[in-house]
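Please look over the chain below.

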Amino acid sequence: MARPRVLLTGFGPFPGVPENPSGWLAETLAATTGGHGFEPHGTVLPTEWAAVAALAPRLHAELQPLVTIHFGVSTRATGLRLERTAHNRAEPRADACGAKPDCQTVSRDGAARIETRLPVAALAAQLRAQGHDARVSQSCGRYLCNYLYYHSLARTGRDGGDALFVHVPLTQAQGGTLHQDALLSAAEDTLRFVLEAARSPRLHVTEDAASVAEARA
């Protein structure tokens with residue numbers, strides 16, 4: 001029986017972030033978690049509107065992953081920000097090549113917002129119990145992180161599978177406060193939880209406002 005596939009993505013550098021820890025994290029997590037009952041695939045996406053629009057659908061079509069976890073960096077974050085929602089909006093902001101999106105929405109005919117089916121409040125609570133700084137976020141921004149997440153959630157809603165976007169902080173190597181080993185450990189625990197949730201339909205629940213608010217605190 002074929003092992004379920006897991007797609008892990010991060011981004012390359014972009015204006016203001018010459019070294020992006022999310023790309024390192026996606027590739028390292030894929031390289032260190034093989035042999036645990038699933039087949040990990042890690043890739044670094046160029047921080048470019050056109051490249052994401054072309055590469056992300058191809059990766060999903062080729063791999064048909066059970067789980068997709070996208071990592072991106074937030075220079076304001078101090079720990080993991082688990083993104084609950086992607087919004088149908090795109091900021092006219094230059095990418096790594098200086099290009100801007102053609103439209104201020106992600107999808108002309110799409111929903112205003114799409115939420116992950118994964119229980120992010122429960123994930124945040126578990127990560128915090130394990131000693132990680134983790135919170136739920138209701139906005140993935142308007143840049144390429146949100147653009148990628150919106151398309152990924154739309155695709156999994158249509159074709160199956162689960163998706164999550166996680167914003168990570170800058171590490172010590174990039175002038176932040178979090179050590180790379182601590183970031184990798186938090187990502188490993190995130191992946192384990194998400195895989196369990198994806199394999200257990202009972203965990204696909206609608207979390208109430210109170211639990212989400214607590215996880216954001």
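## Gln 64 and its backbone

Gln 64 lies in the loop between α2 and β3. The model is predicted. Most residues other than glycine have a negative phi. Gln 64 has a positive phi of about 45 degrees and is not a glycine. Is Gln 64 buried or exposed? Its relative accessibility is 66%, so Gln 64 counts as exposed, the cut-off for that class being over 50%.

## Aromatic cluster

The whole structure holds four aromatic pairs. In one of them, the ring centres of Trp 49 and Tyr 147 are 5.3 Å apart. Their planes stand at 85 degrees, so this pair is edge-to-face; the class requires an angle over 60 degrees. The pair links distant parts of the chain. Trp 49 and Tyr 147 are both buried.

Which residues form one aromatic cluster? They are Phe 14, Trp 49, Tyr 143 and Tyr 147. The charged end of Arg 93 sits over the ring of Tyr 143, at 3.9 Å from the ring centre.

## Largest pocket

The largest pocket contains about 360 Å³ of space. Its lining has 21 residues. Val 73, Arg 76, Arg 93, Tyr 143 and His 167 lie nearest the centre.

Strand β3 (67-73) and helix α4 each supply at least two lining residues. What classes make up the lining of the largest pocket? Eight residues are nonpolar, eight are polar and five are charged.

## Second largest pocket

About 180 Å³ of space lies in the second largest pocket. Its lining comprises 15 residues. Closest to the centre are Trp 49, Lys 100, Pro 101, Asp 102 and Tyr 147. The edge-to-face partners Trp 49 and Tyr 147 are therefore both in that central set.

Which element gives the most to the lining of the second largest pocket? Helix α2 does, with three residues. By class, this lining divides into 10 nonpolar residues, one polar and four charged.

## Enclosed cavity

How many cavities of 30 Å³ or more does a search of the whole structure find? It finds one. The largest cavity has a volume of about 30 Å³. Its lining consists of Leu 118, Pro 119, Val 120, Leu 123, Leu 164, Phe 193 and Val 194.

Two or more of these lining residues come from each of α3 (120-129) and α5 (180-199). The class count is seven nonpolar, no polar and no charged residues.

Asn 20 is found in the loop between β1 (5-11) and α1 (21-32). Its relative accessible area is 10%, so Asn 20 is buried; the class takes values under 20%. The side chain of Asn 20 is joined to that of Ser 22 by a polar contact of 2.8 Å.

His 132 occupies the loop between α3 and β7 (134-137). Is His 132 buried or exposed? At 14% relative accessibility, His 132 counts as buried. Its side chain makes a polar contact of 2.7 Å with the side chain of Asp 189.

Trp 24 has its place in helix α1. A relative accessible area of 28% makes Trp 24 partly exposed. In sequence, Trp 24 and Ala 186 are 162 residues apart. In space, their C-alpha atoms are 14 Å apart.

Ala 173 sits in the loop between β8 (162-168) and α5. With 52% relative accessibility, Ala 173 counts as exposed. What separates the C-alpha atoms of Ala 173 and Leu 184? The distance is 14 Å, for residues 11 apart along the chain.

Definitions and conventions. Residues numbered from 1 in each chain as written. Predicted model: local features only at pLDDT ≥ 70, side-chain atom pairs only at ≥ 80, totals over all residues. Heavy atoms only, no water. Phe/Tyr/Trp six-rings, centres within 6.5 Å; stacked < 30°, edge-to-face > 60°. Helix = DSSP H or I, 4+ residues; strand = E, 2+ residues; numbered from the N terminus. Buried < 20%, exposed > 50% of the residue type's maximum accessible area, 1.4 Å probe, protein only. Lys NZ or Arg CZ within 6 Å of the ring centre and 35° of its normal. 1 Å grid on protein atoms, 1.4 Å probe; cavity = no way out; pocket = protein on both sides within 12 Å on 5 of 7 lines; lining within 4 Å. Points joined across faces, edges and corners; volume = space filled by probe spheres on them. Nonpolar A, V, L, I, M, F, W, Y, C, P; charged D, E, K, R; others polar. Polar contact = N/O pair within 3.5 Å; in protein donor to acceptor, adjacent residues only side chain to side chain.
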